[in-house]
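Reader: I have a chain on screen and some time to go through it. Can you take my questions as they come?

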Amino acid sequence: STGKRERRYQQHSSAIWTCWSVFRAHAFYTFITSPLTTSLRSARYVSRRSAGTGVKEWVSGEQAVFKEALAVGTRIVREEGIVSLFGGTLRRTFKVSLPFAATVSAFVHLFPVTS
């Protein structure tokens with residue numbers, strides 16, 4: 001009974017540790033990519049592209065998106081400062097990283113990989 005309880009404690013402890021580790025990594029990447037996400041925010045609502053576009057049209061469309069993102073990013077930095085690029089980062093981190101960490105932790109512990 002005591003051994004069973006200890007094993008269960010170790011499994012829960014391991015799941016919490018996995019969740020914390022995944023959260024830290026995902027939160028770090030969310031924070032690092034926040035300025036890019038903020039700059040690309042207006043470009044994420046791009047109108048539909050027709051099916052069957054060629055590579056040349058696709059590349060020119062992507063260039064337009066990144067040109068717009070560069071223009072938006074430089075305008076934000078010039079008018080509001082670098083700190084404004086990180087606006088909403090904390091909320092976004094918890095909104096995205098916590099569910100991701102919980103899902104990965106649950107998956108890893110519910111379906112362990114055995115050698």
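Author: Go ahead. Bear in mind that this is a predicted model.

Reader: How many helices and strands does the protein chain have?

Author: The protein chain has four helices and zero strands. Read along the sequence, the pattern is α-α-α-α.

Reader: What share of the residues is buried?

Author: Of the 115 residues in the protein chain, 20% are buried. The chain exposes about 9,100 Å², and 65% of that comes from carbon and sulfur atoms.

Reader: And the contacts, how much joins residues at least 24 apart?

Author: Taking contacts between residues at least 6 apart in sequence, 83% join residues at least 24 apart.

Reader: Where is serine 84?

Author: Serine 84 is in the loop between α3 and α4. Its relative accessible area is 22%, so serine 84 counts as partly exposed; the cut-off for buried is under 20%.

Reader: Let's do α3. Which span should α3 have, and what do its end C-alpha atoms give?

Author: With 26 residues at 1.5 Å a residue, α3 should span 38 Å. The end C-alpha atoms are 37 Å apart, which agrees.

Reader: Which residues of α3 are buried?

Author: Val65, Ala69, Val72, Gly73 and Ile76 are the buried residues of α3.

Reader: What follows α3?

Author: Glycine 81 follows α3, and its phi is positive, near 95 degrees.

Reader: Switching to charges. How many salt bridges does the count come to?

Author: The count comes to one salt bridge. The side chains of glutamate 79 and arginine 75 form a salt bridge, at 3.1 Å from N to O.

Reader: How are glutamate 79 and arginine 75 placed in helix α3?

Author: They are four residues apart in helix α3, which covers residues 55-80, so about one helical turn separates them.

Reader: Is glutamate 79 buried or exposed?

Author: Glutamate 79 is exposed, at 54% relative accessibility. Arginine 75 is partly exposed, at 34%.

Reader: Now rings. How many aromatic pairs does the structure hold?

Author: There are four aromatic pairs in the structure. One of them is tryptophan 20 with phenylalanine 23, a stacked pair with 6.0 Å centre to centre and 25 degrees between the planes. Both residues lie in helix α1, three residues apart, which is about one turn of the helix.

Reader: And phenylalanine 23, buried or exposed?

Author: Phenylalanine 23 is buried, with a relative accessible area of 11%. Tryptophan 20 is partly exposed, at 42%.

Reader: Why is the pair of phenylalanine 107 and phenylalanine 111 tilted?

Author: Their planes are at 50 degrees, so the pair is tilted; stacked would need under 30 degrees and edge-to-face over 60. The ring centres are 5.4 Å apart. Phenylalanine 107 and phenylalanine 111 are both exposed.

Reader: Which residues form the aromatic cluster?

Author: Trp20, Phe23 and Phe94 form one aromatic cluster.

Reader: What does serine 97 touch?

Author: Leaving out residues up to four places away in sequence, serine 97 touches Phe23, His26, Ala27, Thr30 and Arg92. Serine 97 lies in helix α4, residues 89-110. At 0% relative accessibility, serine 97 counts as buried.

Reader: Last topic, the surface. Which residues form the nonpolar patch?

Author: The nonpolar patch is formed by Phe28, Tyr29, Phe31 and Ile32, which together have about 450 Å² of accessible area. Isoleucine 32 belongs to helix α1, residues 2-32. Isoleucine 32 is partly exposed, with a relative accessible area of 48%.

Note on methods. Residues are numbered from 1 along each chain as its sequence is written. This is a predicted model: local features need pLDDT of at least 70, side-chain atom pairs count only at pLDDT 80 or more; totals for chains, interfaces and linings use all residues. Side-chain values use heavy atoms; hydrogens and water are left out. A salt bridge is a side-chain nitrogen of Lys or Arg within 4 Å of a carboxyl oxygen of Asp or Glu. Helices (H or I, at least four residues) and strands (E, at least two) are DSSP runs, numbered from the N terminus. Buried means under 20% relative accessible area, exposed over 50%, partly exposed in between (1.4 Å probe, protein chains only). Contact means heavy atoms within 4.5 Å. Accessible areas come from the Shrake-Rupley method with a 1.4 Å probe; for residues, only the protein chains shown count as cover. The expected span of a helix is 1.5 Å times one less than its number of residues. Patches are made of residues with over 30% relative accessible area and no salt bridge: like charges are joined within 9 Å, nonpolar side chains (Val, Leu, Ile, Met, Phe, Trp, Tyr) within 5 Å. Rings of Phe, Tyr and Trp (its six-membered ring) pair if their centres lie within 6.5 Å; planes under 30 degrees apart count as stacked, over 60 as edge-to-face and the rest as tilted.
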